[in-house]
Each structure stands twice: as structure tokens, then as C-alpha cells.
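User: I have a structure open and would like to learn how to read it. Can you take me through some features step by step?

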Amino acid sequence: MNGPSSPVTTAPPTVPAPARSPGAAPRLRTPRVRASRRHTAGRPRRSVLLTVLTGLVLLYSLVPLLWLVISATKTQEGLAGSFGLWFSGDFALWDNISTTFTYDDGVFTRWFLNTLLYVVVGAGGATFLAVLGGYALAKFAFPGKRAVFAVVIGAVAVPGTALAVPTFLMFSKMGLTDTPWAVLIPSLISPFGLYLMWVFATEAIPTELMEAARIDGASEVRTFFQVALPLLAPGTVTVLLFTMVATWNNYFLPLIMLKDPDWYPLTLGLDSWNAQAATAGGDPVFHLVITGSLITVVPLIAAFLLLQKYWQSGLAAGSVKE
Amino acid sequence: MTTLHLQGAAKRRPARPPAPRNRRSWTGWGFIGPFVAVFALVFLAPLAYSVYLSLFRDQLIGGTTFVGLDNYQQALTDSQFWASVGRVSLFLAVQVPIMLGIALLVALALDSGRLYGKDFFRISVFLPYAVPAVVASLMWGFMYGTRFGLVGDINDALGVSLPDPLSPDLVLASIGNIVTWEFVGYNMLIFYSALRVIPHSLYEAAEIDGAGQLRVITAIKLPAIRGALVIATIFSIIGSFQLFNEPSILQNLAPNAITTDYTPNLYTYSLSFSGQQQNYSATVAIVVGLITMVIAYVVQLRGMRKGA
């Protein structure tokens, strides 16, 4: 994949390079002047071969999504009878969408709203707690800080299932199972979000600015909201997106906690529709499973695309900086 | 897991003037307090409860009795359990290197600045991460289907008969493909973000020394992103041992290939919710957690030692 390993080019760097196989590149020593000029220009030669090779990964990533979009336009008969990566004669997308939302008394609509509730309260709450906590870890020294670190970060390695069963039993004693609380409360904790916000806040908030606000008589709460929070925006968006994905995709926890389909999130609902075909006398609704899947995927992809500037800068500045 | 970074940053702290720290010593708790409170409820309490449960056994006659470490002894000799651990270990050994390798290559390709349409590549390869595991498994499950999936189409079109991806022999590889598809982009982004913060002066120095692209990668880029590589590896190890969603969804399509004890997670789930063996289930979950932590810890130590 790193085939064009020879950075040495014979053409001046500003001229667009013609496609050339890397093997043919003569290994010449680059004159120093040219080397430095090329870097200040910041334009390495583009490589068709590298683009094509990376393109294979791109195809791998996109073809299944393309399959999903195309399949969502087919009727159940069309699904079985036509080639997967091309449209069948009947274009049933709109029909499928409206059936998805109305089938079984509109239970899908209910699942969609549940998911929105879990995402807004769960991911929103998790982000808020992570921002507050990350700010504390980055900007304050307090007793027990090291212990908080050790415990929280250690907990990331604890498998979800080690917790799932006892959490279920605990919540069941507290009367919380089969209620939205059983899904919402555990969603409020994102150790990764806390870690990310902690690293980000360390970088993004100058301590001098906080001191200045305090000298001006601002309370700690006000300093946080008016000085720190705006500076934390890119990190916050990043954490929000990642907690949103985690909540939107949540399956295991609701599977354990919820029996009543009225509280299902989309993931669990789709799974139950899919399982329906396997039960005796069940109505196979594969076209609705597929269209429902598409509807489940679109909001998150849209969020990522719309907010990419923010979350990518947040990720680059915060999460992995050495 | 990421303790090395944390310690590094924690050590930086004492460099600050000590005066304000003493004055506001408890202020930080006002901000981290809410997190810690919820954390205690949803992490620490269940963990403690889990350990408590694992020490008891629910018997038909005599009710719940304290049995000490008997459940652990049972787990250590439970062939079903170890078969599932073996399965995810095999998965870990094969799938994780492939996934991280592809992610690293794409990240390096993006970072080289030699791709046409770089932004399109970056965002497209990342997109599957936004697809819920349930949807990804359903999608791939349909595509795997020889009856009306892509595999069937290819068989018909080319007149061949590809092996069934949902057969017992191939289903683990098929799950590996789904997981790879879901997380290549996520890992790629972690690596790419790490690559982007490498100071450019290092590249300039390397170029003056006449270093080739490959040499720049091995001598500058890879060492610089070691932390990110270790973190991604550890997350992948945890993910492998927690494998649940994908096999659980595919179970509908391949009930003979995926048993209820296929992965440790499926096993604890079925013990607890179908078998009503909650005490033993908690024990199994703890043992898996311990195995995961030991492996993650070893990887962290090894990964970091290379850096020293």
C-alpha cells in the first residue's frame, strides 16, 4: 500500500505529476534545495496507484451501504428476485418508508422517538458529565484525584457483560427494569468521553484566563460557563458525537433491561422484526427490516457529515495527542 | 489502560504554583462529583455486587448458600466456557491485526498527501462506524445469504458455488469481516489524528538527511503514534472479548453455526437469562473481565516498553 516509497521526483514539485508506476521511479538523490522547497510548498506528488489501492478500502466501506440504499427501494419479492447491487423494476422506496413507519400500529415510529429520547438525555447527559469531569481533572487539584483517574480508567477495561447481569439484578430490585431509566442511567457514563475531555481541556483552556476571570470576581460556576465552555466547544462536539453513536447503537443493555416493545430503541426493534420471520407463523418483513435499517443509519451519518469540521478538530487536538 | 498518558499529564501538574491549589482544594469535586456519583451507581456498585453474587450458589434445596470460590473452580474446568474463550482468542489473533493493519495503511496513505480526493476517502472510510452493530450485522447477514444475498447473486452470475459464509466453518471469519468493516474507519481516524500532530520540522530534517518515504514512516511516523496504536489495540482486545451483538444477530440466520455459548458474552447472557444461573453467570463474566484486563495490561506494558 505504501508502494510509492520513493519520494524522489524528477519533475519540479509544482507541476502535476503524470501517473507513473512506482517501480519506474528512478531513485535519485534529491538536491537539498528542491527537497526543502517541496516541503514548504507542501505538495507531495499525488499518486494514482496509491489512490487506487486505498480505493479498495473505500469500496469495501461503501458497497454495503450502497447495497442497503438499493435494497431499500425493493419490494419483498424484488429483494429475492433481483441482483443485490442493482435496482429491480419496481421502485418501492417511498412505499417501504411509509409502511415501515405505519406497520404494526406505527411501532417503528415509537422506537424512533424512544431512540431520540435515549440519545438526547443519555448522550447529552453523558457529554455534560464528561465535560464537567474533564474540566475538573484538567484544571483543578483536589483530594482523591489520582484515585478517580485510576478507578475510571481501569473501569474502561471491564467488559460490559461483567456489569450487565449485576446491573440488571440491581435495577430489577430498584424497580427500574422495563422502564426508560434502565437504559438512560447507564448511558450517562462515558469513561472515554471523560478521558477525551480531560486531555482536551488541558490543552484548550489557559489557566491564566481562569485566573483573570476569578480576579474579576467571577464565581467558579460562571468561570466554567463563560470562560471554559466556549473554549471546549470542539471537544464537546466530539464527545457528543461519540456518545450519540454509543447510545444510538446501544443494543445489549436494552436487550437485557427491556421486555416491553413500547420502550425498545430502533436497534432492538429491528432485531425483533428480523427474528419475526424465524418464528412459526411469523410474518417475514425483510423489506421493512432493510428500510428500517436505512432510516436508522441516516441520522447519524448526517450528523457526522454536517459536524465533521468540529469533531475532527476536536479529535486531533484532544484525544490522541502525545 | 491509558495510564501512561495519564500519569505523564498528572506529573505535569505539580509544576503549577501550589498556592491556588491549596486554596481551592475541594472545588474540583464540585465539577467531577456528578460524574463520580453516577459512575459509582452504574459501575462500582454492579461490580461489587457481581463479586458478591459469584460467591453464592442458588440451589433447588436450601436456597442461596455461600460457596466461596466454588463457582470459580467450576469456571476453570468448564469446557463450554473455555471453548468460547478460545474462539474469541482466535478472533482476536486474526481479526485485530488485519483491521488495525488496514486502518494504519489507510491513515498513512491519507497522511502522505499523495491521494486524490483525500477528504472524500477519509470521511467515506469512517462512515461504517456510524452504522449500529445491529444494522451492520443484519445487512451483512442478508448479503451473506446464499438465497437472496450477494453471495447467491455471485454464484448465479458466475455459475460458481462459493462456500456459505454462514456455515459453521466460516461463520467466525464472517463475523470478523463485519467487525472489520465497522471499525476500520474508526481506527484509521485515531491513527490519522495522531499522525497529523507530528511536528513538520521532523519531516524537513529527515528530508535534508535524504530519508525516503518508507524510512520516514518507520523512523518518525510509527514511533510518534505508538500511543495511539497501543490504545487502539487495547480497545480492540476489549472489543473482541466482549463480542456479542454480531453473533447474537447472526444467530437468527445461522442457528446451527452460532451456539448459545459461542462467545463468553453470549454464554453469560444465556446462563443468566435462559438458564437462570445468575451466580455462575456473574462468575464467568468476572473471569472474562480478568482475562481481558491481564491481556490489555500486558499489551500496554509491551507497547510502552518499546518506546522507552
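Analyst: Start with one residue. This is a predicted model. In it, B:Ser248 touches A:Tyr251 and B:Leu266, leaving aside residues up to four places away in sequence.

User: Where does B:Ser248 lie?

Analyst: B:Ser248 sits in helix α13 of chain B, residues 245–250.

User: Is B:Ser248 buried or exposed?

Analyst: The cut-off for buried is under 20% relative accessible area. B:Ser248 has 12% relative accessibility, so B:Ser248 counts as buried.

User: How do I read two packed helices?

Analyst: Two packed helices are described by the angle between their axes and the distance between the axes. Now take helix α4 (residues 93–139) and helix α8 (residues 191–204), both of chain A. They pack at an angle of about 45°, and their axes are 7 Å apart. α4(A) and α8(A) are therefore oblique to each other. The crossing of α4(A) past α8(A) is right-handed.

User: Which residues make the contact?

Analyst: From α4(A), they include A:Ala130, A:Val131, A:Tyr135 and A:Leu137. From α8(A), they include A:Leu194, A:Met197 and A:Trp198. By class, the contact of α4(A) with α8(A) has 9 nonpolar, 4 polar and 1 charged residues.

User: Can we try a pair in chain B?

Analyst: Look at helix α5 (residues 79–111) and helix α12 (residues 226–241) of chain B. Their axes come within 9 Å and cross at roughly 145°. α5(B) passes α12(B) in a right-handed crossing. Among the residues that meet are B:Phe91 and B:Leu92 in α5(B), and B:Ile237 and B:Phe241 in α12(B). The contact of α5(B) with α12(B) has 12 nonpolar, 5 polar and no charged residues.

User: How many salt bridges are there over all chains?

Analyst: The count comes to 4 salt bridges over all chains. For a salt bridge, look for a side-chain nitrogen of Lys or Arg within 4 Å of a carboxyl oxygen of Asp or Glu. A:Arg214 forms one with A:Glu220, with the closest N and O atoms 2.9 Å apart. A:Glu211 forms one with A:Arg214, at 3.6 Å.

User: Why are A:Glu211 and A:Arg214 separated by about one helical turn?

Analyst: Because they are 3 residues apart in helix α9 of chain A, residues 207–215. A:Arg214 is buried, at 14% relative accessible area. A:Glu211 is partly exposed, at 24%.

User: What about B:Arg122 and B:Asp119?

Analyst: Their side chains meet in a salt bridge, 3.5 Å from N to O. B:Arg122 is buried, at 8%, whereas B:Asp119 is partly exposed, at 46%.

Conventions: Residues numbered from 1 in each chain as written. Chains lettered and ligands numbered in written order. Predicted model: local features only at pLDDT ≥ 70, side-chain atom pairs only at ≥ 80, totals over all residues. Heavy atoms only, no water. Axes fitted to C-alpha atoms, helices over the stretch in contact; angles between N-to-C directions. Helix = DSSP H or I, 4+ residues; strand = E, 2+ residues; numbered from the N terminus. Parallel < 35°, antiparallel > 145°, perpendicular 65-115°, else oblique. Left-handed = near helix turned anticlockwise from the far one by under 90°. Contact = heavy atoms within 4.5 Å. Nonpolar A, V, L, I, M, F, W, Y, C, P; charged D, E, K, R; others polar. Buried < 20%, exposed > 50% of the residue type's maximum accessible area, 1.4 Å probe, protein only.
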